[in-house]
Amino acid sequence: MRNSAFEEGRQKSCPSSIVPLAQEMLQTLYDYFWWERLWLPVNLTWADLEDRDGRVYAKASDLYITLPLALLFLIVRYFFELYVATPLAALLNVKEKTRLRAPPNPTLEHFYLTGGKHPKQAEVELLSRQSGLSGRQVERWFRRRRNQDRPSLLKKFREASWRFTFYLIAFIAGMAVIVDKPWFYDMKKVWEGYPIQSTIPSQYWYYMIELSFYWSLLFSIASDVKRKDFKEQIIHHVATIILISFSWFANYIRAGTLIMALHDSSDYLLESAKMFNYAGWKNTCNNIFIVFAIVFIITRLVILPFWILHCTVVYPLELYPAFFGYYFFNSMMGVLQMLHIFWAYLILRMAHKFITGKQVEDERSDREETESSEGEEAPGGGGAKSRALANGHPILNNNHRKND
């Protein structure tokens, strides 16, 4: 009886003991994550960054506001695309190409949804027997069906308009935040007094808005136009969010504002080139793209590695021994730099095609991953080789997505 009573008591007490144990484990993980030796130089603690004497310091809790702000960005974007980008598209005569729809065919549709959008030759022959169509008719059906799923020109124009507007405003705001600061001209001052560097309201809002925007890009990437560098875009957005978040709570704010402004300096040029491309303004698009390419190469392959990265890798070691946060930050910067090299390679390929006069196709990311090379059959027997015209020019795919 005593054993039975003891067993009953043990079973009743176990659930109540789980909660404190879980709380203790979470507290241990929390303490390890926020261990000062990970994120701060030696002999410094989080207590050194507590607000005092009218000086305000960055805190990790400040970042909570970015998630509701990201949702607000998505709402603003919806109304912007509806009431600003759509009328602007009509003003610039952005029109859709006529697309032939694939005739209903349950057999081919089932394979398209379950087996793949690009059937192999053996699969084409099998589908031909199952559907009673010739092999050429099956291939034509899949080509038309893929074209149906391609994003519309208006959708791409709306997205480019939204990003152009944000990046332009962000670049102007970023320059306003940093242009009067001494570390904008002398990068050694980025680390002067680090990490005991108080923040000002303009830095706070610049950080919160930039981080919120990148959260919104990550939230919407699945529904946005799927580009050739889809995977690289996800890596970029995640790395950027981590970098901005870390640089805030570890008080790398001076370096962070420089990096964000540098990235915004070319993005609005890219998006404006896209907008004119979708409108069929070939010469305007090409000229803006050339300017974008020059700015991108200078900022991402010259200024960023030889000024900014030199500032974050070399100068801190003159003040304190390297610590985990130092390696973490510069590792994330290395990831971004590798992406910049990848995108620069594609941009240079585009520039080579401009110079040699070859047909310009997308070399960065605006070629849809679902259907990147096949032409659409135009009414009237033009066939796949027909090219749609806009404003008297062939619609070129001079679109490239960076991201940052």
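View 1. Helices are DSSP runs (H or I, at least four residues), numbered from the N terminus. The buried residues of H3 include Thr66, Leu69, Phe73, Arg77 and Glu81. Buried means under 20% relative accessible area, exposed over 50%, and partly exposed in between (1.4 Å probe, protein chains only). The model is predicted: local features need pLDDT of at least 70, side-chain atom pairs count only at pLDDT 80 or more, and totals for chains, interfaces and linings use all residues. Residues are numbered from 1 along each chain as its sequence is written, and side-chain values use heavy atoms, with hydrogens and water left out.

**View 2. Helix H3 bends at glutamate 81.** The bend of H3 (residues 66–91) is about 40°, taken as the angle between axes fitted to the seven residues ending there and the seven starting there. Asparagine 93 follows H3, with a positive phi near 65°.

**View 3. Tryptophan 39 and phenylalanine 324 form an aromatic pair.** Rings of Phe, Tyr and Trp (its six-membered ring) pair if their centres lie within 6.5 Å; planes under 30 degrees apart count as stacked, over 60 as edge-to-face and the rest as tilted. This pair is edge-to-face, at 5.4 Å centre to centre and 70° between the planes. Tryptophan 39 lies in helix H2 and phenylalanine 324 in helix H12, so the pair ties together parts 285 residues apart in sequence. Tryptophan 39 is buried at 5% relative accessibility; phenylalanine 324 is partly exposed at 40%.

How values were computed: Helices (H or I, at least four residues) and strands (E, at least two) are DSSP runs, numbered from the N terminus.
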